[in-house]
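Hello, and thanks for asking me to look this one over. My notes are below as numbered points, to be read with the model open beside them.

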Amino acid sequence: MRVTDYSECEPALASPPGSTSETPNAPLAAALALSALVTACGGGGSGTAIAPPTDPTDQGVGRHYPSANNDEDAARFLLQAQFSASDAEMAAVRAKGYAAWLGEQFATPASQTGFDWLNVRGYGTISSSTNFYDNTYPGDYMVWNQLMTSSDAVRKRVALALSEFFVVSLSGLDFSWRSYAIAAWWDMLVSNAFGNYRKLLEDVTLHPAMGYYLNTKGNLKENVATNRAPDENYGREVMQLFTIGLYQLNLDGTEKRDGNGNKIETYSQSDITNIARVFTGWDFDQTQNVNTLEPVNRRNIPNTVFTRIPMRLIPNNHSALAATFLGATVPADTDGVAALRTALDTLFNHPNVGPFFGKQMIQRLVTSNPSPAYVARVASAFNNNGAGVRGDLQAVLSAVLLDDEARGPGGLMQNGFGKLREPMVRFVQWGRSFGIGSARGSWKIGDQSNPATQLGQSPLRSPSVFNYFRPGYVPPSTALSASLTPAPEFQLVNESSVGGYLNAMQGVIRNGIYVNAPDLPQSTSNTTNGYDIAASYTAELALVLDATALVKRLNLLLCAGQMSVTNQTLIVNALNATALTATSTDANKRNRVAAAVLLVMASSEYLIQK
């Protein structure tokens with residue numbers, strides 16, 4: 001895998017030189033956040049890890065909780081299914097019921113593609129002054145805009161979850177129009193989010209971004225004379241990470257054991273070597289390419305079409321050897337397209353896929369440590385959507401989001417249930433909850449991966465193909481480690497990331513996002529520099545004189561009503577320590593709102609989503 005570090009992105013969440021934060025109570029926020037993260041890593045307020053709730057009646061998915069009883073229930077569902085919970089959305093969920101509302105989202109067409117957004121913003125321009133074809137920052141702007149503003153929020157939330165299972169990182173792409181390639185990759189995930197896993201797997205395999213990232217692009221057949229063998233990178237990762245995992249699984253996701261109690265591996269080195277032959281002969285499809293001569297550097301620049309169409313087979317580069325893997329055989333001299341079909345069908349139909357994929361979707365959307373019964377129900381939906389169809393992602397997502405463990409109140413009482421909110425999800429929730437907008441339409445939010453000064457996570461910027469964290473990660477030296485309880489997102493947590501998150505969000509919540517040259521698409525600086533991207537806080541400013549009412553609203557929007565009375569009181573008292581009246585300045589009113597939002601987003605009940 002090629003991994004290259006690019007540094008041309010603007011530090012979009014950083015304040016400009018010489019600026020100071022206007023948010024009060026920052027020390028209290030820091031103390032609350034650090035305490036919250038340490039407490040959460042111990043499994044909850046008691047520091048004791050408790051097993052997730054089981055379904056005592058085991059009567060199926062969503063049967064007992066078909067509708068929300070109140071706004072808190074509706075908000076809890078919305079914050080799992082998408083990024084935020086508006087007043088209108090909570091009302092719609094309560095009126096229609098969970099399943100009907102979700103069905104409407106499945107039927108909603110996808111909004112503007114990331115690829116088209118790049119074109120509208122002019123990022124396809126060929127110029128030596130901007131070099132968009134060599135830069136990655138347009139890809140960052142694109143995906144943040146998609147996450148913050150798209151109308152099809154459920155589809156985008158699922159696509160983000162898929163991007164952490166089928167991983168391609170913008171940091172590992174190094175070819176012309178890499179931002180367009182990552183936009184096309186994102187659009188492919190969005191398009192397949194409510195489709196079928198089999199088609200998704202094929203689209204992933206043949207996508208040019210994946211082809212470059214895991215070396216199927218230009219992968220050549222064996223050559224005995226030079227001792228060359230096919231590259232095994234994708235052959236290995238498509239099994240280990242994208243389909244079946246390392247060990248054979250029961251339907252409920254637990255590992256099968258042999259007669260000696262040992263785990264049973266799903267594949268061998270022979271399987272890798274053989275399946276790698278299938279992934280030879282594929283390369284970028286340049287049949288629609290038109291070169292443009294960039295006159296300053298005298299360089300031919302291709303058009304962007306190849307970044308969004310599947311790779312094509314070059315038959316002479318494809319292995320003609322027989323390939324036997326996972327109990328299937330591709331005969332010698334099989335056409336490359338047919339060989340690929342056999343390989344993907346074999347992977348798709350493997351019994352591991354349902355529990356392996358299903359459990360990770362539960363982890364991304366609902367809880368880090370689902371019960372085996374929950375995993376089994378989701379895996380069963382993958383295996384058969386009720387109409388004999390395997391791999392129906394709508395059925396899988398419905399099973400994940402409508403299951404009794406997701407919807408019932410039991411998880412709220414369990415310290416071991418739920419998950420740490422990912423930093424990028426917190427950031428998007430903030431933007432969507434409080435009316436984020438870009439005054440000049442720049443949407444210049446760059447790579448936020450630096451844990452010391454930024455969020456410590458950025459979409460489509462995983463540090464490796466293994467994602468930002470491993471699905472089985474257990475935080476060491478904690479109460480969770482004693483019980484071997486997975487908490488994947490805690491792999492991002494350390495002293496630097498705690499402080500970086502607080503410092504980044506403190507300035508952003510109060511002032512917005514500082515943008516260089518918001519009037520221009522390129523990375524540059526001019527006299528229009530300023531806070532182009534900011535939240536409106538319209539409803540919150542209307543409540544600003546009533547700290548109790550303000551905190552109550554934030555508790556609903558951000559925590560689905562799960563913040564304790566004790567923590568609410570602490571925050572209200574902190575806000576009231578600074579007097580505010582109807583004649584106070586707009587800046588002071590905004591200070592209070594910003595302080596309230598920051599303190600809620602630093603609380604344990606917010607950081608841990610249940």
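Predicted model: local features only at pLDDT ≥ 70, side-chain atom pairs only at ≥ 80, totals over all residues.

1. Asp 403 has a relative accessibility of 0%, so the residue counts as buried. A polar atom of the Asp 403 side chain lies 2.9 Å from the backbone nitrogen of Glu 405.

2. Now for the overall picture. The protein chain has 610 residues, and buried residues make up 57% of them. Its secondary structure comes to 25 helices and 11 strands. Among the contacts with a separation of 6 or more, 75% are between residues 24 or more positions apart.

3. The helix pair H3 and H4 is worth a look. Two packed helices are described by the angle between their axes and the distance between the axes. Here the axes of helix H3 (residues 87-96) and helix H4 (residues 98-107) come within 6 Å and cross at roughly 120°. Roughly perpendicular would end at 115 degrees and roughly antiparallel would begin over 145, so H3 and H4 are oblique to each other. On the H3 side, the contact is made by Ala 92, Val 93 and Lys 96. H4 brings Tyr 98, Ala 100, Trp 101 and Glu 104 to the contact. Sorted by class, the contact of H3 with H4 has 5 nonpolar residues, 2 charged ones and no polar ones.

4. Staying with H3, which of its residues are buried? They are Met 90, Ala 92 and Val 93. These residues cover an arc of only 160° around the axis, and therefore lie on the same side of H3. As a reminder, an α-helix has 3.6 residues a turn, so residues three or four places apart point the same way. On the other side of H3, Ala 88 and Ala 95 are exposed. The cover over the buried residues of H3 includes helix H2 (71-81), H4 and helix H22 (547-559). Just after H3 comes Gly 97, with a positive phi of about 90°.

5. Arg 298 has a positive phi, near 55°, and is found in the loop between strand S2 (292-294) and strand S3 (299-301). Is Arg 298 buried or exposed? At 60% relative accessibility, Arg 298 counts as exposed.

6. Leu 326 lies in the loop between strand S5 (323-325) and strand S6 (328-330). Its relative accessible area is 21%, so Leu 326 is partly exposed; the cut-off for buried is under 20%.

7. Ser 438 is found in strand S8 (residues 437-438). With a relative accessible area of 14%, Ser 438 is buried. A polar atom of the Ser 438 side chain lies 3.3 Å from the backbone nitrogen of Trp 443. Tyr 531 is 93 residues away from Ser 438 along the chain, and the C-alpha atoms of the two are separated by 8.8 Å.

8. Last, a helix residue with a side-chain partner. Asp 203 is found in helix H9 (residues 197-206). Its relative accessibility is 22%, so Asp 203 counts as partly exposed. Leaving aside residues up to four places away in sequence, Asp 203 touches Met 188 and Asn 192. With Asn 192 there is a polar contact of 3.1 Å that joins the two side chains. The C-alpha atoms of Asp 203 and Asn 192 are separated by 8.7 Å, and the residues are 11 residues apart along the chain.

Conventions:
Residues numbered from 1 in each chain as written. Heavy atoms only, no water. Buried < 20%, exposed > 50% of the residue type's maximum accessible area, 1.4 Å probe, protein only. Polar contact = N/O pair within 3.5 Å; in protein donor to acceptor, adjacent residues only side chain to side chain. Axes fitted to C-alpha atoms, helices over the stretch in contact; angles between N-to-C directions. Helix = DSSP H or I, 4+ residues; strand = E, 2+ residues; numbered from the N terminus. Parallel < 35°, antiparallel > 145°, perpendicular 65-115°, else oblique. Contact = heavy atoms within 4.5 Å. Nonpolar A, V, L, I, M, F, W, Y, C, P; charged D, E, K, R; others polar. Arc of directions from axis to C-beta.
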